[in-house]
Amino acid sequence: MGMPNTLQDLKVAAELDRMYAESKQQMSKLRELGAGLGRPMTAQERTEALSEFYIPVTPEAGRLLYSLVRATRPATVVEFGMSFGISAIHLASAVRDNGTGRVVTTELSETKIAAAKQTFAKTGLDDVITILEGDALATLADLDGPVDFVLLDGWKDLYLPVIRLLEPRLSAGVLVVADNASAPDMKPYLDHVRSPDNGYESFNFLVREQDSMEVSCRTAD
């Protein structure tokens, strides 16, 4: 008898297929919009400008996240930047198959929160996902207990403040995965996790033609 893989569950697979298809249809519109996002904006303004767009992890990156969570069996997974919930579904599927743990995800966009709640209910994964609504730097400050796995997939300039906020709750061995590591505003975060003084072993690999993920293992308590 094979072990269950929730990613292959018909309800989960159907929702992921639907979401990836919708995100593909948005690509040209997103590129058009991208040119106008260069001006200085607040997190709320950026969130509203992109409230209908997926901007998801790739299917390959999703399967990697699933595998990392299965392998490390975290009790608490924290995701910064839920969007419509594609990566959260991969994380939660792994938690479900581990038989233990929870996913705590953060999102500012009310549009995305409402849509993701419906999706999580449809997939049957809503019981292992907690959505913290609002500014992650505020909502994550109140998180209780240790954090065992981190996915950073929100605004890149907030990766460093978010990980600094979480560091007191990270024990040795915890993985921190940062998506879109090739983005220009990732430098402060990358400098932090790549400096030997800050307690990480960090490496980078390509997940799509022009972008990469940074995977960092916390080496210090």
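Which residues of the largest nonpolar core touch the most other members? I started my notebook with that. The model is predicted. The core has 36 residues, and L91, F120, I129, F149 and V177 touch the most other members.

**Entry 1: the core**

I looked up which elements build this core. α1 (10-25), α4, α5, α6 (110-123), β3, β4, β5 and β7 each supply at least two residues. Helix α5 gives the most, with seven residues. I then took one member, I129, and listed its contacts. I129 touches A88, A92, V103, T105 and F120, leaving out residues up to four places away in sequence. I also found another core, apart from the largest one. This other core has 26 residues, including V150, L158, L166 and V193. I noted a general point here: in soluble globular proteins, nonpolar side chains tend to be buried together.

**Entry 2: helix α5**

I turned to α5, residues 86-98. This helix has 13 residues and spans 19 Å from its first C-alpha to its last. That is close to the 18 Å expected at 1.5 Å a residue. Is α5 mostly covered or mostly open? I found it mostly covered, with 12 of its 13 residues buried. Among the buried ones are I86, H90, L91, D97 and N98. After α5 comes G99, whose phi is positive, near 80°.

**Entry 3: the sheet**

I traced the strands next. What is their order in the open sheet? I read β3-β2-β1-β4-β5-β7-β6, seven strands with mixed pairing. The edge strands are β3 (129-133) and β6 (200-208), and each pairs on one side only. Neighbouring strands are turned by 15° against each other on average, direction ignored. I checked one pair closely. Strand β2 (residues 102-107) runs parallel to β3, and five bridges join them. E107 has E133 of β3 as its bridge partner. In general, strands of a sheet pair through backbone hydrogen bonds, either parallel or antiparallel.

**Entry 4: helices on the sheet**

Which strands does α4 touch? Helix α4 (residues 59-72) packs on the sheet and touches β1 (76-80), β4 (147-152), β5 (170-178), β6 and β7 (211-218). Its direction makes about 170° with that of β4. Helix α8 lies across β1, β4, β5 and β6, at about 175° to β4.

**Entry 5: a loop proline**

I ended at P168, in the loop between α8 and β5. Is P168 buried or exposed? P168 counts as exposed because its relative accessible area is 71%, and the cut-off is over 50%. P168 and D221 are 53 residues apart in sequence, and their C-alpha atoms are 8.2 Å apart in space.

Technical notes
Residues are numbered from 1 along each chain as its sequence is written. This is a predicted model: local features need pLDDT of at least 70, side-chain atom pairs count only at pLDDT 80 or more; totals for chains, interfaces and linings use all residues. Side-chain values use heavy atoms; hydrogens and water are left out. Two strands pair if DSSP finds at least two bridges between them. Helices (H or I, at least four residues) and strands (E, at least two) are DSSP runs, numbered from the N terminus. Axes are lines fitted to C-alpha atoms, for helices over the stretch in contact, and angles run from 0 to 180 degrees between N-to-C directions. Contact means heavy atoms within 4.5 Å. The expected span of a helix is 1.5 Å times one less than its number of residues. Buried means under 20% relative accessible area, exposed over 50%, partly exposed in between (1.4 Å probe, protein chains only). A nonpolar core is a set of buried Ala, Val, Leu, Ile, Met, Phe, Trp, Tyr and Cys residues joined through side-chain atoms within 4.5 Å.
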